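Subject: Structure for your files

Hello,

Here is the structure you were expecting. Please open it alongside this message.

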Amino acid sequence: MSSVTLFASILYLLLVFANNVVSIDYGLALRKSLLYFEAQRSGKLPPNQRAQWRGDSALRDGNDVGVDLVGGYYDAGDNIKIGFPMAFTVTMLSWSAVEFESQLVAKGELSNALEAIKWGTDYLMKAHPEPYVLYGQVGDGRSDHSCWERPEDMTTLRTAYRFDEQHPGADLAGETAAALAAAAIAFRGSDPAYSSQLISHAKQLFDFATKFPGKFSDSIPDLRQLYSSSGFEDELLWAAAWLERATEGKTYAEYLNQAASSGGTRSMFSWDDKYVGSQVLVAKGLLEGRFSGYGNLGQYKNSAEQFICNCIQKGSSNVQKTSEGLLWFDFWNNLQYVTTAAFTISTYADTLARAQTTLQCPAASVTPDKLITFVQSQVDYILGSNSKGFSYMVGFGPNYPQQVHHRGASIVSIKEDKTPVSCQQGFSDWFNKNAPNPNVLDGAIVGGPDQNDQYTDKRSNYYQAEVATANNAPLVGVLARLA
């Protein structure tokens with residue numbers, strides 16, 4: 001390519017971006033990001049429900065095992081309640097509320113954030129009826145995925161899956177313990193009694209997880225088809241880190257200090273891999289002077305900082321980026337990893353600022369404000385500052401996904417037409433219909449563009465067009481920070 005051609009190409013890209021620069025209303029994006037969780041609710045909806053196109057659903061969950069398992073969240077575009085990603089969602093929502101409480105208050109969104117957390121924690125405590133019993137899923141993956149139905153009139157199996165001493169799930173129990181411990185901190189000021197209840201369950205679940213190791217997807221192989229776990233050691237560290245923060249208990253600090261491994265430098269932070277989360281919590285604690293006399297915790301800080309350096313392109317093994325600058329981790333639901341990375345960098349930047357220090361990366365010393373600038377670049381891309389002027393948050397801006405892979409949003413609301421939509425009728429009448437979804441899933445973050453910044457807005461394209469609660473939860477805190 002000649003220098004003239006190269007110059008012309010660069011000039012063209014600059015003009016394209018200039019024409020698609022949007023004024024980002026982070027406050028509006030924050031409000032919508034929390035509104036999305038109301039559309040994912042299962043159970044009896046409250047009087048103040050804002051996603052009005054939804055109705056009550058799955059009101060008999062748990063009847064097959066004699067336990068009330070009504071409530072909680074559908075995880076993505078299906079009608080299944082899966083404890084593993086749901087608990088991670090609650091943990092990240094709680095971390096958002098704990099870390100950015102003042103910003104949420106300033107935008108009038110703290111109450112909505114706490115309501116979103118409580119809808120999850122109320123269910124997770126129901127799912128833990130005995131110290132060594134935890135229900136990890138309601139709904140059958142094969143049955144659900146063979147049908148396309150609204151949650152309000154679904155006919156699929158609602159099997160409840162139990163974990164206990166004979167069927168351990170240390171990863172599931174550990175993540176649930178982390179969620180309840182983090183939520184306990186979020187509710188400590190507004191509802192101390194509820195906070196104490198959360199701590200009690202979190203402690204029991206951590207005990208369950210440590211005494212009965214094993215992966216939940218090994219105990220019940222049928223669950224592997226949806227969210228298979230890669231290990232449980234990361235969830236134990238994650239739970240210990242949150243319990244240490246919630247209780248200031250030396251037992252949990254010692255557990256972190258004596259762990260065989262802190263995970264090393266990770267390539268991503270997700271519902272399956274929590275090492276980065278525990279590393280950042282410990283690193284923040286070290287900078288805050290929380291730990292003294294624990295000589296092995298420095299490895300957590302080193303790994304956390306290496307991950308952040310790699311994200312901001314100043315490390316020794318940088319994360320890939322698209323040509324337009326979006327972090328690129330995976331072809332399937334890439335934005336879930338972008339939002340967790342953005343949250344990680346945001347919370348650590350603020351901790352560095354309070355400590356009046358900088359991040360020492362292999363390629364450069366990076367100030368906290370530069371970290372936030374990087375985070376902003378990722379969020380702006382998601383919200384429409386890209387060459388297509390396309391927002392990957394549903395309902396935000398003039399140009400956003402219309403055919404989101406989501407059963408409830410893609411079928412006419414039961415409030416408008418109460419005629420039941422049968423299992424296969426949903427596919428013929430709605431899934432295969434080449435038209436926008438009748439219900440706008442406000443605030444949902446889809447999987448996002450591919451490595452070449454391309455996005456196919458088709459309901460069948462679940463790699464890119466499906467949403468998930470785990471995508472949104474970290475973004476809540478990031479948007480609060482930027483708003």
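Below are notes on confidence, the cores, the disulfides and one histidine.

Confidence first. The model is predicted. The protein chain has an average pLDDT of 95, and 95% of the residues score at least 70. Residues 1–6 fall below 50, and this stretch has 2 contacts in the model beyond near neighbours in sequence. Residues 8–20 also stay under 50, with 12 contacts beyond four places in sequence. Where pLDDT is low, predicted coordinates should not be read in detail.

The cores. The largest nonpolar core has 152 residues, of which Leu-359, Leu-383 and Leu-441 touch the most other members. Helix 7 gives the most to this core, at 14 residues. Apart from it lies another core, of 7 residues, including Trp-148 and Trp-430. Helix 7 (residues 170–187) is mostly covered, with 18 of its 18 residues buried. Its 18 residues should span 26 Å at 1.5 Å a residue, and the end C-alpha atoms are 25 Å apart, which agrees. Among the residues that Leu-359 touches are Ile-308, Cys-309, Tyr-348 and Leu-371.

- Cys-147 and Cys-423 have their sulfur atoms 2.0 Å apart. The torsion about this S-S bond is about -90°, so the disulfide is left-handed. Cys-147 sits in the loop between helix 6 and strand 3, and Cys-423 in the loop between helix 16 and helix 17, so the pair ties together parts that are 276 residues apart in sequence. Cys-147 counts as buried at 8% relative accessibility, as does Cys-423 at 17%.
- Cys-309 is joined to Cys-361, S to S 2.0 Å. This link is left-handed, with -90° about the S-S bond. Cys-309 belongs to helix 13 and Cys-361 to the loop between strand 6 and strand 7, so parts 52 residues apart in sequence are tied together. Both Cys-309 and Cys-361 are buried.

Cys-311 is in no disulfide; the nearest cysteine sulfur belongs to Cys-309, 9.4 Å away. Cys-311 is buried, at 0% relative accessibility.

The histidine. His-406 is placed in the loop between helix 15 and helix 16. Is it buried or exposed? At 5% relative accessibility, His-406 counts as buried. Its side chain makes a polar contact of 2.7 Å with the side chain of Gln-40. Beyond four places in sequence, His-406 also touches residues including Trp-53, Trp-148 and Leu-441.

Regards

Conventions:
Residues are numbered from 1 along each chain as its sequence is written. This is a predicted model: local features need pLDDT of at least 70, side-chain atom pairs count only at pLDDT 80 or more; totals for chains, interfaces and linings use all residues. Side-chain values use heavy atoms; hydrogens and water are left out. Helices (H or I, at least four residues) and strands (E, at least two) are DSSP runs, numbered from the N terminus. Buried means under 20% relative accessible area, exposed over 50%, partly exposed in between (1.4 Å probe, protein chains only). A polar contact is a pair of N or O atoms within 3.5 Å; within protein, one must be able to donate a hydrogen and the other to accept it, and residues adjacent in sequence count only if both atoms are side-chain atoms. Contact means heavy atoms within 4.5 Å. pLDDT is the predictor's confidence in each residue, from 0 to 100. The expected span of a helix is 1.5 Å times one less than its number of residues. A nonpolar core is a set of buried Ala, Val, Leu, Ile, Met, Phe, Trp, Tyr and Cys residues joined through side-chain atoms within 4.5 Å. A disulfide is a pair of cysteine sulfur atoms within 2.5 Å.
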